[in-house]
Amino acid sequence: MEAMRPGTSSTSVSAMRALAMELKGLQQSPMEGFVVKANEDDLFSWDVAIFGPPGTIYEGGYFKALVRFPSNYPYAPPSVRFLSKLWHPNVYENGDLCISILHPPVDDPHSGELPCERWNPTQNVRTILLSVISLLNEPNTSSPANVDASVSYRKWKESNDDEYARIVRKQVDLTKQQAEEDGVTVPTTIEEYCIKEKKEEPLDTLDFDEDYYDYDDDSDYDDDCDGNDDEDSGQGEN
């Protein structure tokens, strides 16, 4: 068992192992809609980029966020703060995201949330970010973090007032500049957005290196396998 660093509890070591496994899983099997990068010096801090889903007013958007994990993860939820400006009913002015899945699993009858909607240890980064992407286009206006954005969104949906859409599209354009600076190509079509699973190439189509299997005539392999060697075979002479 690896030694713990001074000041590191067994709980935080367990959390680091869980996060390392999640990060490896996301790198090996990436999901459409986002990319993640863990801080090399702090595994409890992840940089996330969320791509706006095609066919929505967020299409082409490149929204950067910071995910912070507690030392007792996954028994307590992480926090998500958008670093990119985002006009949304469930995002506070400072960028903090308000979503049920990130709320501690306590029974609060005044919150309007069911306990099953809150955080539980079976959740992970993948389910969180997929929930965030879904929330972009389907916000929860019953308990908004940004009341003005919530009112604007409802007007847009109910009376075709396009103020909400105009603000969002303007912010999307600003994120495109950031994507260019970061050297990131943002997917804008369903084909680009959806990640296709890599299929293993059939053995008969693989390009094997024939030289690798080209044994030299004078090799030990040939000497050992030659049935006409000069050494006594153990059967004696006729």
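Histidine 88 counts as buried, with a relative accessibility of 1%; buried here means under 20% relative accessible area, exposed means over 50%, and partly exposed is in between (1.4 Å probe, protein chains only). The model is a predicted one, in which local features need pLDDT of at least 70 and side-chain atom pairs count only at pLDDT 80 or more, while totals for chains, interfaces and linings use all residues. Residues are numbered from 1 along each chain as its sequence is written, and side-chain values use heavy atoms, with hydrogens and water left out.

Histidine 88 sits in the loop between E4 and H2. Helices (H or I, at least four residues) and strands (E, at least two) are DSSP runs, numbered from the N terminus. Beyond the residues up to four places away in sequence, histidine 88 touches Tyr58, Leu135, Leu136, Pro139, Asn146, Ala149 and Tyr164, where contact means heavy atoms within 4.5 Å. A polar atom of the histidine 88 side chain also lies 3.0 Å from the backbone nitrogen of asparagine 90. Such a polar contact is a pair of N or O atoms within 3.5 Å; within protein, one must be able to donate a hydrogen and the other to accept it, and residues adjacent in sequence count only if both atoms are side-chain atoms.

Now to the overall layout. The protein has 6 helices and 4 strands, and from the N terminus on its elements run α-β-β-β-β-α-α-α-α-α. Of its 238 residues, 35% count as buried. Among contacts with a separation of 6 or more, 55% come from residues 24 or more positions apart.

What about the interior? In soluble globular proteins, nonpolar side chains tend to be buried together. The largest nonpolar core here has 48 residues, and those with the most contacts inside it are Val36, Trp46, Ile50, Tyr58, Phe69, Phe82 and Leu97. A nonpolar core is a set of buried Ala, Val, Leu, Ile, Met, Phe, Trp, Tyr and Cys residues joined through side-chain atoms within 4.5 Å. Valine 80, in strand E4, is buried at 4% relative accessibility. Its C-alpha atom is separated by 9.6 Å from that of tryptophan 46, 34 residues apart along the chain. With neighbours within four places set aside, valine 80 is in contact with Ala65, Leu66, Val67, Gly95, Asp96, Leu97, Leu102 and Ile128.

H2 has 13 residues and reaches 19 Å from its first C-alpha to its last, close to the 18 Å expected at 1.5 Å a residue; the expected span is 1.5 Å times one less than the number of residues. Its buried residues are Val125, Ile128, Leu129, Val132, Ile133, Leu135 and Leu136. These residues lie on the same side of H2 because they cover an arc of only 160° around the axis, the arc being that of the directions from the helix axis to the C-beta atoms. At the N-terminal end, asparagine 124 caps H2, with a side-chain oxygen 3.1 Å from the backbone nitrogen of arginine 126.

H4 has 20 residues and reaches 29 Å, close to the 28 Å expected. Tyr164, Ala165, Val168, Gln171, Val172, Thr175 and Ala179 are buried in H4. They fall within an arc of 125° seen down the axis, so they line one face of the helix. This buried set packs against E3 and H3, whereas Lys170, Glu180 and Glu181 are exposed on the other side of H4. Just after H4, glycine 183 takes a positive phi of about 70°.

The loop between E3 and E4 contains proline 74, and the peptide bond from tyrosine 73 to proline 74 is cis, with omega near 10°. Proline 70 also has its place in the loop between E3 and E4 and is partly exposed at 21% relative accessibility. In the loop between H3 and H4, asparagine 160 has a positive phi near 60° and is exposed, with a relative accessible area of 69%.
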